[in-house]
Each structure stands twice: as C-alpha cells, then as structure tokens.
Amino acid sequence: MKADNIIEVRDLKVHFPITEGLLRRQVGILPAVDGVSFDILRGETFSLVGESGCGKSTTALSVLKMQPVTSGTITFNNEDITHHSASQMRPIRRKVQMVYQDPYGSLNPRMKVGSIIGEPLRVHGMAGDKEKYNARIRELMQVVGLMTDMADRYPHEFSGGQRQRICIARAIALDPELIICDEAVSALDVSIQAQVINLLMDLQERLGLTYLFIAHDLSVVRHISNRVAVMYLGRIVEIADRDTLFSQPKHPYTQALLSAVPEADPELEASRQEPLIIGEVPSVRNPPSGCRFHPRCSQSLERCKTQVPMHQTSGSTVLACHLYD
Amino acid sequence: MMDPLLSISNLSVNFKTERGNVQALDGVSLEVNEGETLAIVGESGSGKSVTALSVLGLLGDSGGVSGGDIEFAGESLVNASDEHRREIRGNQIAMIFQEPMSSLNPVLTIGKQVAEPIWQHRNKSWKDAICEAGKLLELVSIPDAQERLGDYPHQFSGGMRQRVMIAMALACQPKLIIADEPTTALDVTVQAQILSLLKNLTTELNSSLVIITHDLGVVARYANRVAVMYGGRIVETASAAELYRNPQHPYTVGLMNSIPTLHGKPGARLNTIIGQPPDLSNLPSGCSFHPRCPFAKPQCMQSKPKLEEIFPNHFRACFGYEG
C-alpha cells in the first residue's frame, strides 16, 4: 500500500442473493457492485457519483464493512480489513465515521442532542469523567456552529440544516480520519446546503479529515472534491482529478452526465447542446452484456456489446471504455 | 395587450393546524400569459406548491382561501362551484406531481388511467379513449406504447411513470399545465429528457406551463419568466434572462450566490444566506426575510414591502437594497 493512501479497494464485488418463495430459494444474484477498485489519498475529498442503482452507497457501506463483501480486498491504513470480524472492526470504526442523507431518520428522536453527540464517546469508552465529557460535547457543538445551550433539546426542535450539523458533530466526536458522506447535503434547501458544504470544507482543513463523498449533484461534487469516480451499474467507468474530469470528460457516460446538468445561467444554457443521453438506467438485476453502458451510448462499437472494457490507467486517470483502447 | 391566461391577485391562504393558524400565502399576485413557461422558485415552505394547489382548488379540508382572487381565462375560480372546478381541472388546467408512483393508481392499468380524462372530459367512447391513450403514450416516447396499455404502474420505471403523468396531463390539451417539482425524484439524465419533452409538447400545443422547482439550473434552462417566493410571498419576478443577469432582491442574490456551479471557482467558500428559512406559523414581522438580510433597515421590521416595478417587467418587494 502506498504511504499516502488511507484506503485501497481492489476488485470489490458485492452480490446480493435474489430469493423467491416461502423457502427463500435463491433464484439469482444481483451484482450491486461488480469489480470496483480505487484508492483514497489521505486528506483529500474523493467523490463517487452516479445515478440511482449504480452501487455508490453499497460501495461506501462495504468500506465500513457494514455490508458483507463477496470478493475483493479492502485495505485501511495498511491493514487488510476484508475479513475482519465485528470485534476486529471496532477500532477501525472509531476512525471511519458516516454522515447520512436524511438528518431526520438518523437522529434518535427520544435522545437529547448533547447525548446524541456524546454517544460515540460513550460507546467507545472515551467519555472520561463527566466534566470532560460535557466539555467535549460543548466543544463539538461549537465547532459545527450550534449554540452550546441547545444540548438539552430534542432533535425535533431543530431545522434540517441544524440536524445535519448535529450528525456532523457526532461524526467528528472520535477524531476520525475518514468520514463517509452519503448524500449528506442532498436533502437540504439551497441556502442551507451552502452552509453545510462550507462547514464540511472548514472541518477538513482544521482536522485534516479525508472524505469519501457520495452524491448525485455534480455541481456540488465539483465544488468539494479533489478526485472523482463515476460509477455506472456497479462498475467504475472513469476516475480522474476534478479539473480533468469536468473540463475533459472522456467516458461517454461522464460526458452525458455532465451535459444533462442544467446550469443556473440562461445565456449559457441557450448556447449549450441538448443532453447527449437517451433512455434510463437498466435494472442491475439483468445488466447489459459487455460494457454496461452500451445500450445508451451514442458512440458504441460492435465490441462494446460483447467485451467488458478493461480499466486503463494513464497518469491519474482511470478509464474503462473501448473508444480509448 | 392580451389578458393573461391565469391571473392571481392578492391571494392569501390559511391552514388550520394543531399548532394554530398557518398563513401559507400572504398576498400573492401572479400572472401567466398564454404560451409562456413560468417558473416558481423557492425553498421548502415558501408557498410555491400551495400556490399551485389553490389554483386547482385542491387545498383540502384544513386549508382555505382567505382573501384575493384567482382568475382563469377571465373567470373567477375562488367562488366557482365544485362541479365547475372539476370541469376545468384536468380539462383546461392539468397538474403533474413530484412523485409519479403515488400519483398513479397501482391497481388500474396505465391504459385505463390515461383514457379516463379523455372519456370524462372529451365525450369519447371508452374504446376511442383507449385508442387515444395509446397515441398519447407514443407521443411521450414510451416504447411499444400500444402493448404497454395493459401494464400496471409498478411495471414502469420512475422516468416512464413521469412520462405517463405527462401523457395524462396532455390528454385534454389543457391551456395550462402546472408541474410541481416534476423531476426532483428522478436521476439527472432522465430529468433532462423529461423536461425537454414537457417543454416541447407544451410549445406544440401552445399551452402555458408553470414549473415549480427549487433548482435554479432547471429554471435557467426551461423558463421564460421566473417568480421567486419566500415565506408565502413573491419577492421578485422578471424574465429568466433578466433575473439571472440582474437580480434585485437580496434573497434572490443570496440564492444565486449560494449554489455551486459547473463553471464557478471550485473549492472556494460558498456565499451563504445566514440563518434558517422562516417558520410559517411564526413569521417574522415586516419583510419576513429581514432576519436573514444583510441590508435590513428598521423599516423592514415594521412593514411589508409591496411588489413594485423597478425595471420594465421586473418587479421586486424590497425597501432598500441597491443591487
């Protein structure tokens, strides 16, 4: 493992069984993640983007081993955690935390906010004495921009943006190295989304955090990321650093995705071409043969229908497309 | 000048809730001209959906119009009988909702659901209506449309269901289509296809389209004119080009500055609007944006600014900000 890498994922596969009937007989497999490889550098923001069903969330959950892995390896800080048991994972979980999309569903409505933020400290036996524990909670609330006198309130008394701040405070309570943000700003109103994005970027600078950022909003991804991986139906089609990916997208799917994002500028919009993509994402249950994007690709070749494109690396770019063979 | 197709004047809407009276709309005035696409933008709770629902008379038991009027093609809708509203709804004004799954009946076939408004409003026999439904599904680019008439909604994907909703909305060639966050639940590549389809079909029919959205990119791509809502009031309206080039209300300016874009400077701090959107059951006094406004003056806390024309066809409700 390279010294700069915090995480290395190699040929990760997560296949779910499809069962049927009373006896839950297995009738097939659903290859949600099918051969995904990437590295995350320490201190960077690495984004996984793609449309629903592309496997971005499943990939993230596997990194935390919250999802059984079918095959492949996951290395965290030079430690192969692929086959770790739950107890072996505990010290790892201290270093990898998660912020979810829905700040309503991820906070226990019966717990006070201070106690929610302090829960990871208690669970991992790091609470210390009462005074130290309370001081830490106050500190965390300050860091994420919450008033410290709100610690005794319940989640329903907070707005969506404030709740997301609570989730972030909880995620940084144990001084983690890596935070997985699964659509962490997607459910927020525009004006609040900007506040939370700024907060995430500030925290990264102050605490030296690494983010695995999962999102479907490409404008947000461009703003926050250092490197971006584009996923389609369980596979990575392109990885590149931010500027390369957004100024010179290579894979036809990346190009299509970017052309579909409407820009908040009518003059710019008038000069843009119509989106390049047709149809919808097919079901993961019966993925197309060869390159999984070929039925929707405007440039597909004969061999795209039969041969799976290999991942090719050139510089920092990884690409899986027959057009560049 | 031609009379507008839809004219909302000084409309106020209240909801009775457990937490007391909630004023969802407070003196909203809005016009939609024939053939134009108007976008209503705002964050959650700004009143954009309630505006649409009151046009259709779908406020439910707890909500009611407490003042103002809605005129459609020269006719008042506020005092119309239920029967008359039903006549207009679906026939002359159609609505497309955000969630196509919960808007379609899961136990009726797609064909029956699309045929129903044709049979109901256009005096066609059921057989003709079904035939027409097949043509409509072809129009919204559903592959093998005729064969799929007998399918149920769960056999369609999210984008296909939204295409069905569009087919139903177009069934009676309405003069006005209101689409409430029509693509928020869809993936971005599907969103682009659905919105282009909607825009092209309404242009062909010369219908007016009202798109309700929170996405300023969608507005820029598809709207002729924009109304920005905040706290149950319209704070600014202008043509789309004018609004983006020359926003005049501090809220609009704040909103535009707070979104990351594909051409902006990545990694920079985003400008934000401080604070939280207002609670409608407890709105701030005066201009409800004043607690979040960097330019607020004492006057803003005391009285509500009226919508005034500050440039030709560019209106804003603000006392003092110089853009």
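Mentor: A polar contact of 2.8 Å joins the side chains of S191(A) and E43(B). A polar contact is a pair of N or O atoms within 3.5 Å; within protein, one must be able to donate a hydrogen and the other to accept it, and residues adjacent in sequence count only if both atoms are side-chain atoms. This is a predicted model, in which local features need pLDDT of at least 70 and side-chain atom pairs count only at pLDDT 80 or more, while totals for chains, interfaces and linings use all residues. Residues are numbered from 1 along each chain as its sequence is written, chains are lettered from A and ligands numbered from 1 in the order in which they are written, and side-chain values use heavy atoms, with hydrogens and water left out.

Trainee: Is S191(A) buried or exposed?

Mentor: Buried means under 20% relative accessible area, exposed over 50%, and partly exposed in between (1.4 Å probe, protein chains only). S191(A) has a relative accessible area of 0%, so it is buried. It lies in helix α6 (residues 190–207) of chain A; helices (H or I, at least four residues) and strands (E, at least two) are DSSP runs, numbered from the N terminus.

Trainee: Which residues does S191(A) touch?

Mentor: Contact means heavy atoms within 4.5 Å. Leaving out residues up to four places away in sequence, S191(A) touches E43(B), S258(B), I273(B) and R292(B).

Trainee: How is the size of an interface expressed?

Mentor: It is often given as the accessible area lost when the parts come together. Buried area here is that loss (1.4 Å probe), summed over both parts. Between chain B and chain A it is about 3800 Å², with 54% from carbon and sulfur atoms. T189(B), R221(B) and L262(B) supply 20% of the area that chain B buries against chain A, more than any other three residues.

Trainee: How many salt bridges cross the interface of chain B and chain A?

Mentor: A salt bridge is a side-chain nitrogen of Lys or Arg within 4 Å of a carboxyl oxygen of Asp or Glu. The rule finds 3 across this interface. In one salt bridge, R269(B) meets D202(A) at 2.8 Å, N to O.

Trainee: How are the faces of a strand read?

Mentor: In a regular strand the side chains alternate between the two faces of the sheet. In β7(B), L176(B), I178(B) and D180(B) on one side and I177(B) and A179(B) on the other are all buried.

Technical notes. Buried area = accessible area lost by both parts, 1.4 Å probe.
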